[in-house]
Structures are given as C-alpha cells and as structure tokens.
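Here is a friendly walk through one chain, written for someone who likes to know how each value was computed. Have the viewer open and follow along.

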Amino acid sequence: MELENKTVIVTGASSGIGAAAALLFAAEGADVVLGARRSANLETLAGTIRRGNGRAAFLAGDVKDEGYADALVDLAMREFGKLDAAFNNAGIVGEMGPIPDMGTSNWNDVLSVNLTAAFLAAKAQIPPMKEQGGGSIVFTSSFVGFSNGGMPGMGAYAASKAGLIGLARSLASDHAADGIRVNALLPGGTVTPAGGEGNPDVLEFIANLHPMKRMASAKEIAQAALFLLSDRSSFVTGSPMIADGGISVRLT
Ligand code: NAP
C-alpha cells in the first residue's frame, strides 16, 4: 500500500489518466478527493472506489476558478482531516493549428486550464501541506512541453505544458525546506479521449511517433504518478519526469 493513510486530490478525475490514477491511488490505500466538471462521472467513480472499500469524496467544478481550488482543499480537510498530496492533472488540448491563425481566446483558454489552474491549485494546496510538515504535488505536463515529438500545431498546448515544468521547479526550490516535493510528469501519447481514443487513424499516427511504436495506457501513466506522489520518490523534487515511450529521444 503505497499511499496508505494519505489524502490525495486528483483533478481531471472524470476521464482518462485522472480516472485511472484515482482508482490506483485508492487501491493503494489513499483517501481520494476527485475533481473535474462532469459531476456524474465523478459520482460513478467515487461509487466504484467505495464499493472496493476505498474512501472517496468528489466536487464538480472548473479548475479555472480560484474558489474551486480552495473548495477541493476544504473538502479534503473536512472529509479526511488532512491533505498529503495532489495530482493536478486536468488539461485540454484546445484548437490545434499554426500560431498565426490561432485565436487569442483559444490561447487564453489553454493557458488558463493547463497552467493558471496549476498556479491556483498550488496556492491552495501548499499552506495546509506546509502546516502538516510536508506533501507531494504533481502537475501533468506533456512530452509536447519538452520535445515537439512531431506533433504539429500545438503552440498553446506546448507553451502551457512547458510552463508547468518551470512552475514545478520553482515551487520545488521554494518549498523543499517545508518538506513539500513538486514534480512535473511528462506522459507520451496516452490512449484517452484527449489522446484520440475511438479514432483508429489518430491512434496509429500518434503510436508511430513513439520509438516503442505504441501509446501508453492511462494505467501506465497512473503508475508514474503514483511513484511521484508516494514516499518511494522521497528524494525527487523539481523533476520533469518523462514517461513517454521514448518519443523525446527519437532521432527520426
Ligand atoms: P481526458 O480523458 O480528456 O481528461 C481530461 C480531464 O481534464 C477530464 O477529467 C476533464 O474533466 C478535465 N478538465 C478539462 N478541463 C477542465 C476544467 N476547465 N475544469 C476541470 N476539469 C477539467 O484527457 P487525458 O489524456 O486523461 O488528460 C489528462 C492530462 O494528461 C491532461 O493535462 C493532458 O494534457 C495530459 N496529457 C495527455 C496525453 C495524452 O496523450 N492523452 C499526453 C500527455 C499529457 P471534465 O471534462 O469533466 O471537466
């Protein structure tokens, strides 16, 4: 049990990587606080976790709202009495296309969901962790924020995901002495609704960009998040941890 007696916030828990992570964390003993906009999905997932004898609370909301980040922390404190870790994972790809053709509203949307929301989450999560004497925070970045990997038209997404690496490193430096570790997780292409699930042509294109010639499953990426959130990574902070099937080292 890697997360026994730990309370963990998971955003983006209504789908894909976040849902797989919440299930894994609960199976590893965590009390999970689930966030995303789709309440029905969160309720279903919380039900599944409770039927497996886990503990889960959920609150639907938009990660762009500062009040929502605070409300998830309040829920963790109210239901489980503490906050040990957070997987700030919600994200969107937004519209894809060349920057000269990109609307400012798309740029603003992608940056606020993917990057500003991480700032808001950290602002809300760090004070209780500091008071408790420690914690672990993980932001879901992407290989696209580190190496383009052959993905065209992803300027806003790449900027937001690269920004998460800088934010994680700065927070790691500021809060290491408080016992708070902060890392960025950089998945490669992962089979989820955002990753092209249900569209065989897209899945094949993305799979072939990877030296391993396949995409990750959401469960594989959840395992990497589990490592960063658990005490197994007790000396890891400020790390952009790559779990990308080799896409960032690909030569051709
Ligand atoms: P997904 O299945 O589409 O899940 C995205 C999650 O983010 C959903 O739970 C969605 O919930 C939530 N979300 C989006 N906008 C939100 C908002 N404004 N407020 C609250 N929640 C919001 O995609 P995924 O692939 O699992 O993505 C998870 C993370 O991994 C993202 O940060 C993504 O950028 C990153 N990533 C994915 C891949 C990939 O290939 N799939 C690769 C690298 C990184 P609601 O719609 O219910 O709000």
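Let's begin with pairing: two strands pair if DSSP finds at least two bridges between them. Helices (H or I, at least four residues) and strands (E, at least two) are themselves DSSP runs, numbered from the N terminus.

Some ground rules come next. This is a predicted model, in which local features need pLDDT of at least 70 and side-chain atom pairs count only at pLDDT 80 or more, while totals for chains, interfaces and linings use all residues. Residues are numbered from 1 along each chain as its sequence is written, and side-chain values use heavy atoms, with hydrogens and water left out.

**The whole chain**

The chain holds seven helices and nine strands. Its radius of gyration, 17 Å, is close to the 18 Å that the globule rule gives for 252 residues, so the chain is as compact as a globular protein of that length. That radius is taken over C-alpha atoms, and the globule rule is 2.2 Å times the number of residues to the power 0.38. Along the principal axes, the C-alpha atoms fill a box of roughly 50 × 40 × 35 Å.

Of the 252 residues, 53% count as buried. Buried means under 20% relative accessible area, exposed over 50%, and partly exposed in between (1.4 Å probe, protein chains only). Contact means heavy atoms within 4.5 Å. Among contacts in the chain with a separation of 6 or more, 71% come from residues 24 or more positions apart.

**Two parallel strands**

How do strand 1 and strand 2 run, and how many bridges join them? Strand 1 (residues 7–11) and strand 2 run parallel, with five bridges between them. Thr-7 stands opposite Asp-31 in strand 2, and Val-10 stands opposite Leu-34 in strand 2.

Five of the five residues of strand 1 are buried, so strand 1 is largely enclosed by the rest of the structure. Strand 2 (residues 31–36) is mostly covered too, with six of its six residues buried. In a regular strand the side chains alternate between the two faces of the sheet. The table shows how this looks here.

| Strand | Pointing one way | Pointing the other way |
|---|---|---|
| Strand 1 | Thr-7, Ile-9, Thr-11 | Val-8, Val-10 |
| Strand 2 | Asp-31, Val-33, Gly-35 | Val-32, Leu-34, Ala-36 |

Asn-89 is found in the loop between strand 4 (85–88) and helix 4. With a relative accessible area of 10%, Asn-89 is buried. Not counting residues up to four places away in sequence, Asn-89 touches Thr-11, Gly-12, Ile-17, Gly-18 and Thr-140.

Thr-192 lies in the loop between strand 7 (190–191) and helix 6 (200–209). Is Thr-192 buried or exposed? Thr-192 counts as buried, at 8% relative accessibility. With residues up to four places away in sequence set aside, Thr-192 touches Gly-16, Ile-17, Glu-197 and Ala-218.

Gly-133 sits in the loop between helix 4 (104–132) and strand 5 (135–140). Beyond its neighbours within four places in sequence, Gly-133 is in contact with Asp-178 and Gly-179. Gly-133 and Ala-222 are 89 residues apart in sequence and 25 Å apart in space, C-alpha to C-alpha.
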